[in-house]
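Here is a walk through one protein chain, from a single residue out to the whole fold. Keep the viewer open and follow along.

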Amino acid sequence: MLVHGAWADSGSWNGVIWRLQLAGYTVYAPPNPLRGVSYDSAYLADFLSTISGPIVLVGHSYGGFAITNAATGNPNVKALVYDDAYIPAQGNTLLGLTSAKPGSCLGAANVFNQVPYPGSPAGDADLYVKASVFPGCFANGLPPAEAAVLAATQRPLPFSALTEPSGPPAWTTIPSWDVVGTADNVLPPAEQLAMAQNAGASITEINAPHLSMITDPGVVASVIIQAARATS
């Protein structure tokens, strides 16, 4: 099961999905609601509960928060795979981990457009990465035209999600793997490595940007297959 991150959708997994299907795996790539850590994790936990048999749960970027929390208590989840993803410990926040090491493009000024949404708490708003920022921040290494399409179709994350703490992490009891893109401009590679080492994950480093599942889907798929075989 593949979980996308913020400012993205399930289509970002397309290159990985067909490779896994070709290898004989059943693949699910449900929408991540992108409403906050607890809501998104609960939604995905409910989805996981409908799947019988062993599960490899994969998260990209913010999707790492979702899988870390959604897998807790589900005995069918046999492996966690993180792809340029956050691997939070209990109490960690998206904002805190993004700024834990220098270098994230999200730390610059005027990165987001803020858009109100119905029923939002006072002071909250949906955040969209500005079209002028998105290509060099999220989509470095991709053709400009493709980056522009991804910027136009991005799904937002509310500001409140940036400071919502993560719960007890599933990686304390479920083995994990991590693909680290060394050209990632969103989540600094040094922080990715620190989180992976803290979680005891098996690490694969590749020369790829934040969207490594788009630029290097073969590598990402191979790590997922490795996790599936190691825990089958």
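Leaving out residues up to four places away in sequence, Gly59 touches Val3, Trp13, Gly64, Ile67, Val81, Tyr82, Asp83 and Ala85. Contact here means heavy atoms within 4.5 Å. Gly59 lies in strand E2. Helices (H or I, at least four residues) and strands (E, at least two) are DSSP runs, numbered from the N terminus. At 0% relative accessibility, Gly59 counts as buried. The cut-offs are these: buried is under 20% relative accessible area, exposed is over 50%, and partly exposed is in between, with a 1.4 Å probe and protein chains only. Gly59 and Val179 are 120 residues apart along the chain, and their C-alpha atoms are separated by 10 Å.

The model is predicted: local features need pLDDT of at least 70, side-chain atom pairs count only at pLDDT 80 or more, and totals for chains, interfaces and linings use all residues. Residues are numbered from 1 along each chain as its sequence is written, and side-chain values use heavy atoms, with hydrogens and water left out.

Two of the contacts of Gly59, Gly64 and Ile67, are also among the buried residues of helix H3. How many of the residues of H3 are buried? Eight of its eight are, so H3 (residues 63–70) is mostly covered. They are Gly63, Gly64, Phe65, Ala66, Ile67, Thr68, Asn69 and Ala70. The cover over these residues includes strand E1 (2–3), helix H2 (37–48), strand E2 (55–60), strand E3 (77–83) and helix H4.

Now go to helix H7, residues 189–199. Its buried residues are Pro189, Glu191, Gln192, Met195, Ala196 and Ala199. Seen down the axis of H7, these fall within an arc of 160 degrees, so they line one face of the helix. That arc is taken over the directions from the helix axis to the C-beta atoms. Which exposed residues does the face turned away from the buried side carry? On H7 they are Gln197 and Asn198. The buried residues of H7 have cover that includes helix H4 (94–98), strand E7 (176–181) and strand E8 (202–206). Just after H7, Gly200 takes a positive phi of about 70 degrees.

Next, the loops. Ala183 is found between E7 and H7. Ala183 is partly exposed, with a relative accessible area of 25%. Neighbours within four places in sequence aside, Ala183 is in contact with Asn140, Asn207, Ala208 and Pro209. From Ala183 to Gly141 is 42 residues in sequence and 8.8 Å in space, C-alpha to C-alpha. Gly141 sits in the loop between helix H5 (134–137) and helix H6 (144–152). Gly141 counts as exposed, at 71% relative accessibility. Gly141 and Gly119 are 22 residues apart in sequence, with 38 Å between their C-alpha atoms.

Two loop residues have a positive phi without being glycine. Trp7 has a phi of about 60 degrees. Its place is in the loop between E1 and helix H1 (14–22). Asn110 has a phi near 60 degrees and lies in the loop between H4 and strand E4 (112–115). Buried or exposed? Trp7, at 6% relative accessibility, counts as buried, whereas Asn110, at 60%, counts as exposed.

Step back to the whole chain. The protein chain has nine helices and eight strands. Its radius of gyration is 16 Å, close to the 17 Å that the globule rule gives for 232 residues, so the chain is as compact as a globular protein of that length. The radius is taken over C-alpha atoms, and the rule is 2.2 Å times the number of residues to the power 0.38. Along its principal axes the C-alpha trace spans about 45 × 35 × 30 Å. Of the 232 residues, 53% count as buried. Among contacts with a separation of 6 or more, 71% join residues 24 or more positions apart.
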